[in-house]
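User: Could you walk me through some of the labels used for this fold? I'd like to see the cut-offs behind them.

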Amino acid sequence: MSNAYMTVVELIQSYGYLAVAAGTFLEGETVLLVAGAAASRGHLWLPAVVAVAALAGFAGDQLYFFLGRRHGARLLERFPSLQARTAHARALLERHDLPVILSIRFLYGLRIAGPLAMGMSGVPWLRFFLLNGAGALVWALAVASVGYGFGHALAHWLAAIDADELWALAAALLLGLAWWLVTRRRHGAIASRQRD
């Protein structure tokens, strides 16, 4: 590369798949949505985005399952915030294990706690392995496709507005973000005073 700075497009093309792998291994819907949108603009290849996300999401859930199987009780002691979510996942698992294993990554707040709970339960390793693989593929395809469609829609919408309207929209979004941050901070301060 001739200059010292990479453009955003070059960053996406150079590190996009790595970002998808890291983000989806850990938790990642946002990363996958953005990667799908980048694929809609030709910066990434959608089938590769889906494949990387499915493999990384699958590997992450396998790791959490293994950790739940080997160290579940100790992890819950160390991270008490996981206890309620893990209990919720176990209750769901006892009633509907097949659909829960297939869809756990779609259930908000259970992406890490769900596989941990499954590892702590009596779910056989091979059953989880196969269902987790199928669920990871469906999840990656669905989320990346939504991002891809959103990227196309956004590009079409942005092409229809002029620069002044775009600046006004950006200013409105920044004002909205600032207002949200201020109100969130005020609510945090009020809650803190009420606890004291």
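User: What makes Phe65 and Phe128 count as buried or exposed?

Analyst: Both Phe65 and Phe128 are buried, a label that takes under 20% relative accessible area, with exposed over 50% and partly exposed in between (1.4 Å probe, protein chains only). Keep in mind that this is a predicted model, where local features need pLDDT of at least 70, side-chain atom pairs count only at pLDDT 80 or more, and totals for chains, interfaces and linings use all residues. Residues are numbered from 1 along each chain as its sequence is written, and side-chain values use heavy atoms, with hydrogens and water left out.

User: And which labels do Phe58 and Phe129 get?

Analyst: Phe58 comes out at 17% relative accessibility, so it counts as buried. Phe129 sits at 30%, so that one is partly exposed.

User: Why is the pair of Phe65 and Phe128 called stacked?

Analyst: Rings of Phe, Tyr and Trp (its six-membered ring) pair if their centres lie within 6.5 Å; planes under 30 degrees apart are stacked, over 60 edge-to-face, the rest tilted. Here the centres are 4.3 Å apart and the planes at 10 degrees, so Phe65 and Phe128 are stacked.

User: How do you know how H2 and H3 run relative to each other?

Analyst: The axes of H2 (residues 29–40) and H3 (residues 46–78) cross at roughly 165 degrees. Angles under 35 degrees count as roughly parallel, over 145 as roughly antiparallel, 65 to 115 as roughly perpendicular and the rest as oblique. H2 and H3 are therefore roughly antiparallel.

Technical notes. Axes fitted to C-alpha atoms, helices over the stretch in contact; angles between N-to-C directions. Helix = DSSP H or I, 4+ residues; strand = E, 2+ residues; numbered from the N terminus.
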